Amino acid sequence: MTFAYYPGCSLEASSEAYDISARAVCERLGIELQEIPDWNCCGATEASALGYLSGHALVARNLALVDKSLKDVVAPCASCFLNLKKTDKLMKEDRKIGGKLAEALEAGGLAYEPGSLRIRHLLEVVHRDIGHDRIQQAVVRPLTGLRIAPYYGCQVVRPVGDSGDADDPEQPQAMDELFSWLGATVVDYPVKAHCCGGHMTQISTEMSNELLRRLLYTADEHQADIIVCACPMCQLNLDAYQGKVNNAFNTAFDVPILFFSQLLGLALGIEADALGFGKEIIDSKDVLAAKLDQEETAETPSAPRRTRRVSRSLPMPKKD
Amino acid sequence: MSDISALSTEPSFLDEVIDATSGGDRLRSCLQCGTCGGSCPNGSDMDHTPRALFALIAAGEREEVLSADAPWFCVSCYACTVRCPRKIPITDLMYTLKRIAAREHFAKKQDAVALAENFNRFILRYGRSFEFGIASRFYLTRKLGSIFSLGPLGIRMMRHGRLSLTPSKIENLAQLHAILDKARELGGES
């Protein structure tokens with residue numbers, strides 16, 4: 001099983017833990033990743049805000065650079081995934097735009113046949129292609145006793161309009177199922193596909209704080225030990241800005257935020273050091289040690305105790 | 001069939017927006033139901049919700065629409081797009097409004113424009129995003145007042161090995177530029 005791999009810019013810098021753990025997990029599961037040679041940025045949500053064709057041309061170069069013998073390209077980043085998918089679909093369905101993009105690629109000596117690649121998100125590949133049986137066989141250290149909130153965010157699950165095999169855009173299940181296979185307790189997380197604010201953390205913290213608060217509050221309400229992400233932006237916002245949310249609302253959230261591939265790797269018996277643990281700003285080691293070891297000694301899991309309960313009342317912004 | 005353009009006194013702006021958006025023609029079938037604004041995570045902070053923007057577009061209120069902060073508060077979560085009963089590509093229409101507004105300098109005061117310009121500047125230079133460079137420049141040029149609040153966060157990021165101070169650069173930058181130049185020429189982008 002060989003996939004073209006599109007790590008994207010975040011995975012080279014602020015979300016290296018996602019890249020490290022994605023590669024480690026794929027290796028363990030027999031998925032060979034072939035990094036797209038000399039890939040460039042997908043433009044995130046910024047390039048298309050200023051240029052239509054140029055925004056799509058940026059993405060198209062990556063599609064064109066994929067080794068023509070490969071059928072699938074996998075992206076762990078939600079934004080990269082959606083952008084690749086959108087440009088491929090646009091080239092295929094809008095002849096006029098598709099023709100212009102082909103002409104732009106040609107100016108760089110490249111070509112891409114629209115629809116020739118299947119654009120996949122890493123979560124979908126693990127959940128669907130590897131699947132229940134092979135995952136369960138590969139688990140050496142079940143995540144029993146750990147309560148996780150599966151957080152999908154937006155761009156992993158919002159369909160670009162078509163493919164019948166996509167997860168539900170508002171109540172996705174892939175991560176819920178994956179973590180139940182791994183032995184974890186998956187909490188009901190009604191905000192699982194709500195927005196984290198994306199780049200609003202840079203533009204208006206007042207707006208992004210409230211969106212992040214809802215996600216943290218709901219995880220706390222459902223007594224989740226950890227929030228698990230499938231997107232670098234979601235992870236960064238929830239992790240790095242949790243302190244700002246606490247300052248703004250006078251709360252005391254202290255929930256570690258991890259990439260799904262990091263916990264999957266642990267369950268597959270990969271060492272924490274080889275999965276990028278320690279790069280999260282809110283430390284996860286204590287929670288993991290406490291929860292996972294506790295369950296190894298206890299035969300019947302007792303109801304998890306609420307340790308970080310904040311307040312019954314609705315958190316309100318602090319008045320200066 | 002009823003059609004949102006029946007509201008229109010100056011159909012040209014509606015046509016302009018539709019022409020600039022693949023699949024944008026569906027905008028004509030807008031029911032004004034408001035599901036978009038109600039689904040939007042930032043809807044309550046927008047001056048006009050998407051629904052209201054679409055009515056204004058149909059009414060030919062070009063300046064009002066292009067001066068709106070709503071498209072810049074759209075973070076591409078696509079909640080509206082997946083819920084729209086008429087399958088209008090709302091997020092894509094927001095991108096179209098951003099592009100026209102930025103091109104015609106309606107959005108100078110929006111931080112989101114500065115962020116996008118900054119982001120794109122670094123992509124052109126390196127072929128890849130450079131988080132540290134983008135954030136530094138953005139705060140220096142647009143948010144000098146709050147630059148110090150970034151300090152502790154930056155230090156935490158660095159301590160956890162999440163802040164790279166050197167950009168990653170692609171090898172064939174000339175090829176990328178050739179592709180983007182051609183795309184800009186074909187798309188009539190300035």
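Which residue just after α7(A) takes a positive phi? In this predicted model, where local features need pLDDT of at least 70, side-chain atom pairs count only at pLDDT 80 or more and totals for chains, interfaces and linings use all residues, the residue is Gly183(A), with a phi of about 95°. Residues are numbered from 1 along each chain as its sequence is written, chains are lettered from A and ligands numbered from 1 in the order in which they are written, and side-chain values use heavy atoms, with hydrogens and water left out.

Of the 320 residues in chain A, 61% are buried, that is, under 20% relative accessible area with a 1.4 Å probe and protein chains only, while exposed means over 50% and partly exposed lies in between. The chain exposes about 12300 Å², and carbon and sulfur atoms supply 48% of this area (Shrake-Rupley method, 1.4 Å probe). Among contacts (heavy atoms within 4.5 Å) in chain A between residues at least 6 apart in sequence, 79% join residues at least 24 apart.

Helix α7(A), residues 174–181, is mostly covered, with 6 of its 8 residues buried. These are Ala174(A), Met175(A), Asp176(A), Leu178(A), Phe179(A) and Trp181(A). Their cover includes α6 (122–138), β5 (147–151), β6 (185–186), β7 (226–229) and α12 (260–267) of chain A.

Another glycine of chain A, Gly98(A), lies in helix α5 (residues 95–107). Gly98(A) counts as buried because its relative accessibility is 9%. The C-alpha atoms of Gly98(A) and Thr87(A) are 8.9 Å apart, and the two residues are separated by 11 positions along the chain.

Turning to chain B, the axes of helix α8 (residues 111–126) and helix α9 (residues 131–142) come within 9 Å and cross at roughly 140°. Axes here are lines fitted to C-alpha atoms, for helices over the stretch in contact, and angles run from 0 to 180 degrees between N-to-C directions. The angle makes α8(B) oblique to α9(B), the class left over once angles under 35 degrees are called roughly parallel, over 145 roughly antiparallel and 65 to 115 roughly perpendicular. The contact involves, among others, Leu115(B) and Phe119(B) of α8(B) and Ile134(B) and Phe138(B) of α9(B).

Methods:
Helices (H or I, at least four residues) and strands (E, at least two) are DSSP runs, numbered from the N terminus.
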